[in-house]
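Student: Could you show me how to read the contacts between two protein chains? I would like the general idea each time, then the case at hand.

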Amino acid sequence: MFRREVRWLIRRPFLVLLSSIIPVTIFLVLASIYARGIATELPIAVLDQDDSPGSRRIVRLIDAAPDIRITTRVADLEDGRRGILSGSYQGLLLVPENFTRDAIAGRRPEITFFYNTQMMVAGNLSARGVSSALPSIALQVQAASRMASGMTADQAAIAVQPVAMQTHGLFNPALDYSHFILAALVVVVLQLTTTLATCYSVALDAETPHNLRILRRLGGGIVPAVLGKLLPLTIVACLVHAVCDTLMFGYFGLPLDGTGWLLVLSALVFLLSCQLLGAVAALFVRSPPPALSVVALTVSPSFGYLGVSFPREAMNAFSIWWGNIFPATHYVSLRVDQTVRGAPVDVSMATLHHQLFYFAVTGLIFYLILVRIRRKAAASGAQPQGQAAAREE
Amino acid sequence: MTTLLSVVRDEMDKVVTNRRIFAIFFVAIAVLGLYYPQPYSAEVLREVAVAVVDRDDTTSSRQLTRDVDVSQNAHVVMKLPDVASAERAVFERRISGYLFIPQHFEREMLSGRQAEVAFYGDASYFLIFSKLRSAVGAAIQRLGTNVVVGRLIAGGMNPDEALAVASPMRINMIPLFNPEGGYASYVVPAVFLLIVQQLLLMGVGLLNTLPSERPRVDAPPIVATAGKLIAYMIPGVFLYLVATIIIPYAYNVPRIGDVWSSLAIAIPFSLAASALGLLFAAILRDALVVQLVCSLLGLPLFFMAGIAWPSEAMPELLQWARHLIPSTSGIDAAVRINQMGADLSDVAGPVRVLWILAAGYASLAALAMRLSAGRAAKHIDGIPHPTSKGDLP
């Protein structure tokens with residue numbers, strides 16, 4: 001049965017492509033988008049209405065912040081607004097007139113930064129760059145004036161900042177989000193191609209009851225037949241997963257800080273669950289084109305439900321609940337725990353139980369459908385077979 | 001001219017009579033409209049859960065805890081005795097970070113030395129980490145400023161002057177266009193234009209590959225292409241209007257743009273996407289393959305659109321190549337007009353790209369149609385063209 005399936009696969013190059021070259025290619029394209037890692041030097045504009053040595057110094061200090069780069073100097077606010085509207089930059093820094101004079105006189109002048117939150121990531125990143133640079137600039141200005149009045153640098157630093165905060169970005173000290181997104185994207189791509197490939201392959205057999213019967217006979221019973229049908233694709237999917245992971249942890253340098261057996265087991269359960277999902281869809285719908293539409297329509301939006309870009313805890317009840325129908329949801333969370341986060345094994349066990357439960361439920365549904373099809377086939381198939389036998393005599 | 005009209009009529013007829021195509025063009029968007037934005041509909045992320053490990057337990061440390069708690073971005077959900085239990089809570093995703101206040105914090109701070117606190121934030125999520133860090137940072141800044149002002153007043157300065165010295169300038173961060181900072185307002189308008197493109201690619205691709213939908217009008221390739229594209233403007237503009245007016249309305253996404261300017265994007269956008277669909281059909285030639293390719297393209301196109309990741313941070317080659325896809329310029333122009341209130345003159349660049357793509361893909365599709373027509377004729381003559389298989393990609 002297994003051998004028949006392998007030969008059958010080789011005759012369908014598109015199916016082989018779909019489960020091997022295509023996921024790797026999609027992953028490489030996606031990975032190249034994030035290849036640079038942290039977005040730095042995002043363009044912003046500045047409107048310096050003061051144009052004094054003090055304001056120019058502040059502008060220089062902000063330009064030196066790693067997240068942003070001042071690319072444009074605008075003449076007035078309208079000019080600056082146009083630039084944001086046409087997308088030349090995502091933020092505008094406004095230093096008001098008489099800034100230095102007011103600062104010296106103790107009138108606490110205001111620096112304003114306008115940023116585009118419609119382009120959320122780019123806008124927030126520029127805002128982060130400015131807001132992390134400005135307070136330290138204010139402190140520097142303050143400390144400079146105190147040092148001028150005879151304090152040492154250390155004394156000045158303590159005097160202006162009696163409470164210091166150390167910030168630690170847990171699991172991601174470099175604040176590089178490409179790790180998390182890539183770790184999830186591999187899973188989403190594999191989920192899509194594995195589900196589609198299995199669905200396609202099963203649907204081609206399920207189109208006619210005759211083919212299903214042949215499969216069962218060849219396999220000698222439902223369970224061996226199913227295993228023979230699904231395993232070749234499982235092996236291909238495992239290889240693809242291994243290739244993508246080698247690229248991720250080897251070439252892209254993702255951290256691998258977890259328990260190996262747990263990761264491998266979880267990956268296997270995930271891939272088998274994807275196959276069962278595809279197979280169930282195929283048996284429900286029977287004919288390949290609509291079955292593939294159903295799978296694509298259901299699985300494609302899964303990325304949003306995973307809670308990678310937006311945490312699952314903050315979603316509405318429907319989304320938290322619906323997220324469970326994707327094999328990827330729990331797998332991604334276990335994978336992130338066991339690679340980037342380096343979580344203890346017992347924290348991940350609950351997630352693994354979710355995965356196993358999912359696997360068991362889809363497996364059971366698949367089995368029940370197969371049994372029902374066999375019963376129906378037996379009921380309707382008895383007569384034609386009898387006639388055929390009669391004719392042969 | 002009459003041939004052109006009959007091609008248009010024939011094509012419109014197919015769109016309405018083929019149930020599958022009709023479903024793709026007119027029904028799928030409603031299903032996706034209900035299903036896709038759910039994870040993002042919580043919109044604004046507030047009150048991120050945080051813990052405090054307070055080893056000092058003094059008036060100042062409790063004040064700091066309260067300050068963090070009252071900020072609208074953070075909520076102190078637990079006080080924990082040590083760092084180990086806080087780490088555990090982060091692993092279990094019960095909190096997104098914790099603030100460690102060491103022993104003798106108040107004593108250090110009041111004795112004129114620099115007191116230190118440490119903030120550990122789960123940096124797996126960009127949004128959560130930045131919100132939490134700014135909430136904790138602001139609370140600490142406030143505490144520090146109060147201490148400095150207190151000292152200066154004690155030293156004989158008047159309160160206003162003391163504040164001006166302690167905090168010489170004010171910083172005002174103003175978000176533009178998406179004032180709530182909502183995640184849905186950011187994702188939904190962009191994603192649905194991508195979905196429009198996917199549906200057009202799939203619908204047009206299938207219409208021109210399904211064996212049941214062979215052209216019933218004999219027209220030269222250029223006329224046929226033009227006629228088809230005119231006919232596809234109906235589903236194209238319809239889908240665009242649903243995506244830019246009805247869906248944002250349903251999800252409370254602000255829309256401030258002018259409808260006529262928006263329509264000026266709808267036309268080149270739907271032409272470019274439909275022309276690309278015709279080209280797909282001409283190259284792939286098989287309905288099932290068209291369907292699979294479209295399903296697989298969704299994910300990479302989404303990430304190339306520059307929604308999830310600023311395009312400025314992508315590799316150079318990709319920054320250029322992504323403009324070959326209609327959605328890149330389409331999303332850019334439409335979001336600027338609809339959500340940011342830009343004028344057509346602000347988006348002249350992306351609109352020009354859309355027209356160029358429409359013309360380019362239409363000519364390529366007409367060329368491919370002519371080549372395959374020539375081949376078909378030769379097949380009929382009984383002389384199979386030697387390269388008829390070789391030029392398949």
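Student: How many salt bridges does the rule find across the interface of chain B and chain A?

Tutor: A salt bridge is a side-chain nitrogen of Lys or Arg within 4 Å of a carboxyl oxygen of Asp or Glu. Across the interface of chain B and chain A, the rule finds 5. This is a predicted model, in which local features need pLDDT of at least 70 and side-chain atom pairs count only at pLDDT 80 or more, while totals for chains, interfaces and linings use all residues. Residues are numbered from 1 along each chain as its sequence is written, chains are lettered from A and ligands numbered from 1 in the order in which they are written, and side-chain values use heavy atoms, leaving out hydrogens and water.

Student: Which residue forms a salt bridge with B:D122?

Tutor: The partner is A:R341, with the closest N and O atoms 2.9 Å apart.

Student: What is the bridge partner of A:L170 in strand 4 of chain B?

Tutor: Strands here are DSSP runs of E, at least two residues long, and helices are runs of H or I with at least four, numbered from the N terminus. Two strands pair if DSSP finds at least two bridges between them. The partner of A:L170 is B:D122. Strand 5 (residues 163-170) of chain A and strand 4 (residues 115-122) of chain B run parallel, joined by 8 bridges.

Student: How much area do chain B and chain A bury between them?

Tutor: The size of an interface is often given as the accessible area lost when the parts come together. Buried area is that loss with a 1.4 Å probe, summed over both parts. Here the chains bury about 9800 Å², 66% of it on carbon and sulfur atoms. B:Y35, B:F91 and B:W309 supply 8% of the area that chain B buries against chain A, more than any other three residues.

Student: And how many residues are in contact?

Tutor: Contact means heavy atoms within 4.5 Å. By that rule, 100 residues of chain B touch 112 residues of chain A.

Student: Which parts of chain B does the salt bridge of B:E11 and B:K228 tie together?

Tutor: Their side chains meet at 3.6 Å, N to O. B:E11 lies in helix 1 (residues 2-17) and B:K228 in helix 9 (residues 221-250), so the pair ties together parts 217 residues apart in sequence. Both residues are buried.

Key: Buried area = accessible area lost by both parts, 1.4 Å probe. Buried < 20%, exposed > 50% of the residue type's maximum accessible area, 1.4 Å probe, protein only.
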